[in-house]
Amino acid sequence: MKLMLKNARKFSTANIPKVCIVGAGPAGFYAAQQLLKKNDILKVDILEKLPLPFGLVRFGVAPDHPEVKNVINTFHKTATNPRLQFVGNVFVGKDVSVEKLQEMYNAVLLTYGAEEDKILGIPGENLKNVISGRRFVGWYNGVPADKHLEINLDAEDVTIFGQGNVAIDIARILLTPVDILKKTDITSYSLEKLSKSKVRRVNVIGRRGPLQAAFTIAELREMTKLDGCCVQWRPQDFNGVDKVLPTLARPRKRLTELMLKSLGESKINAEGVKEFRPIFFRGPCEILGSGSVAGLKLLINKLEGEDITKQWAVSTGQFEELPCDLLFRSIGYKSVKIDEFIPFDDQRGRVSNSGGKVKDNLYAAGWVATGPTGVILTTMTNAMQVGELISKGLATADTKPGFSELKQILNQKNIPIVSYSQWEKIDRVEKNRGEKLGKPREKIVDISEMLDIALQ
Ligand code: FAD
Ligand code: NAP
């Protein structure tokens, strides 16, 4: 109450500070939550290129991890705050420039995530059935642009380059019985294709060793417990690991203990059981095949460097070949420059910023600012810090038109906008369709259908 009065005195209605957030993923919502908490009168508009909110919580988080999506309840509370407006179907950089937004708002916060992926840069990367892991995730999760991904699952031997949690998600979706997946919000067209999949073995390849693996313990444990699937480690990858175990920091130690335990339990595979096969010390060298991928030429690596967990891979100059009918590249995401005007670090694939400040009244948070690493909790911490930084910078806010001017620009361009309550119409339709199929929701993947439902 005290804070409210203090703020009310500082800002007359004319100069209510107006903040524009670009991107309605976790970073956007958590930053908005913090801004609304720190200042009792400011208004926030969240612009989102799609007609619906939540970013990677809807389009990245695996369908068989519904509990992770509970964060949506928190975002819903923020979205229904009368001082927040969700403005869907506005593609910033195309429909309106960031520079223009900076003129119209007291502060602009970029939270538009990382929507491209890093490439390997090796021969054969353009062969058929060499698939971007990011697009595969988009395909099973209903990203409109990924619906028509060309993928042939008549493939017994699959390899994933990269050993992060995205690689584990991809392996798990390929190896999980379809009867389990069909109860999730996975898209129907991907379920249909997965039900006919011939995938038997999934190699998950790391260029470094078990002590540097990027996946985390909960995700690995899940793989060790997957129905109809066994984990096949290569014992030679673990030479000397038990000796360094006592020196490791706790999370790494626990992960390594789980790998060693699982290695000890590796059994001869039974008929019909699928295989999850982590392979260490192998670098991508060449993708073999004519037309479609048929095999891989791998570099045999060794490690260099003093600090064990930070050692890097160097090639021994020796090679190895591996059969492969389907290859996923899952070596990390990267951000794009949505507007000429944004200072951008091409090498790191993120907006250049210092602790969230980009320049003038422009800020960045979440993956677009930190790079594409970290879980929702990490993103939340970062976004809240940047939200606080912005609120401090708004102490003496000039009068800005905010949404009233933005609306005119969008009207002139005939761009229909989708409000939060209009998104809720889409949400209801998806849930109704899902109920009929025994799943939490059947995602709508076509943007024009989303708009039809939202705007009717
Ligand atoms: P995003 O979530 O990507 O949100 C960015 C938003 O900006 C999107 O809505 C996008 O449509 C919008 N946008 C993009 N361009 C524009 C534009 N030009 N104009 C307007 N809007 C735009 N973390 C966990 O804790 N648990 C998990 O199980 C988990 N699973 C994951 C699975 C995958 C496949 C991936 C990739 C990540 C996963 N994460 C998980 C990490 C988590 O998703 C991220 O930490 C978090 O989503 C990053 O939030 P963000 O807001 O920075 O980006
Ligand atoms: P990531 O965790 O950074 O993993 C990337 C992997 O690719 C690493 O194994 C890395 O190896 C490898 N790699 C990078 N460049 C390579 C190259 N040129 N050649 C060969 N290998 C290369 O990225 P991610 O899997 O995309 O995940 C992004 C973030 O989302 C992570 O923080 C992750 O935890 C999070 N996420 C969480 C969940 C969950 O909580 N369930 C699910 C999905 C994603 P090096 O280590 O050697 O570089």
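Asp427 is buried, at 13% relative accessibility. The cut-off for that label is under 20%. The model that holds this residue is predicted. Start here, then, and work outward.

Lys431 is partly exposed, with a relative accessible area of 39%. Both residues belong to helix α16, which spans residues 420-437. They sit four residues apart, about one turn of the helix. An α-helix has 3.6 residues a turn, so residues three or four places apart point the same way. The pair is also part of something wider. A network of salt bridges links Arg58, Asp427, Glu430, Lys431 and Arg441.

How many salt bridges does a search of the whole structure find? The count is 31. Two of them share Glu320. This residue is partly exposed, at 24% relative accessibility. Its side chain meets that of Arg282 in a salt bridge of 2.9 Å, N to O. Here the link joins distant parts of the chain: Glu320 is in strand β13, Arg282 is in strand β11 (residues 282-288), and 38 residues separate them. Arg282 is buried, with a relative accessible area of 9%.

Arg234 lies in the loop between β9 (229-231) and α11 (241-244), while Glu320 lies in β13 (residues 312-323), so the contact ties together parts 86 residues apart in sequence. Arg234 counts as buried, at 16% relative accessibility.

Now turn to the ligand. Which residues come closest to ligand 1? They are Ala27, Glu48, Trp367, Ile376 and Thr379, out of 32 that surround it. By class, the shell has 19 nonpolar residues, nine polar and four charged. Domain 1 (2-115 + 335-418) and domain 2 (117-333) each give at least three residues to the shell.

Polar atoms of the protein meet ligand 1 at several points. Glu48 places a polar side-chain atom 2.6 Å from an oxygen atom of ligand 1. Lys49 uses its backbone instead: a polar atom there is 3.1 Å from a nitrogen atom of ligand 1. Leu56 has a backbone N or O atom 2.9 Å from an oxygen atom of ligand 1. How much of the accessible area of ligand 1 does the protein cover? On its own, ligand 1 has 1000 Å², and the protein covers 93% of that.

Several elements of secondary structure build the shell. At least two residues come from each of α2 (26-38), β2 (43-48), α7 (165-175) and α14 (376-393). The buried set runs from Ala167 through Ile168, Asp169, Ile170, Ala171, Arg172, Ile173 and Leu174 to Leu175.

Notes. Residues numbered from 1 in each chain as written. Chains lettered and ligands numbered in written order. Predicted model: local features only at pLDDT ≥ 70, side-chain atom pairs only at ≥ 80, totals over all residues. Heavy atoms only, no water. Near = heavy atom within 4 Å. Polar contact = N/O pair within 3.5 Å; in protein donor to acceptor, adjacent residues only side chain to side chain. Areas by Shrake-Rupley, 256 points an atom, 1.4 Å probe, with all protein chains shown as cover. Nonpolar A, V, L, I, M, F, W, Y, C, P; charged D, E, K, R; others polar. Domains from an automatic or database assignment. Salt bridge = Lys/Arg side-chain N within 4 Å of Asp/Glu carboxyl O. Buried < 20%, exposed > 50% of the residue type's maximum accessible area, 1.4 Å probe, protein only.
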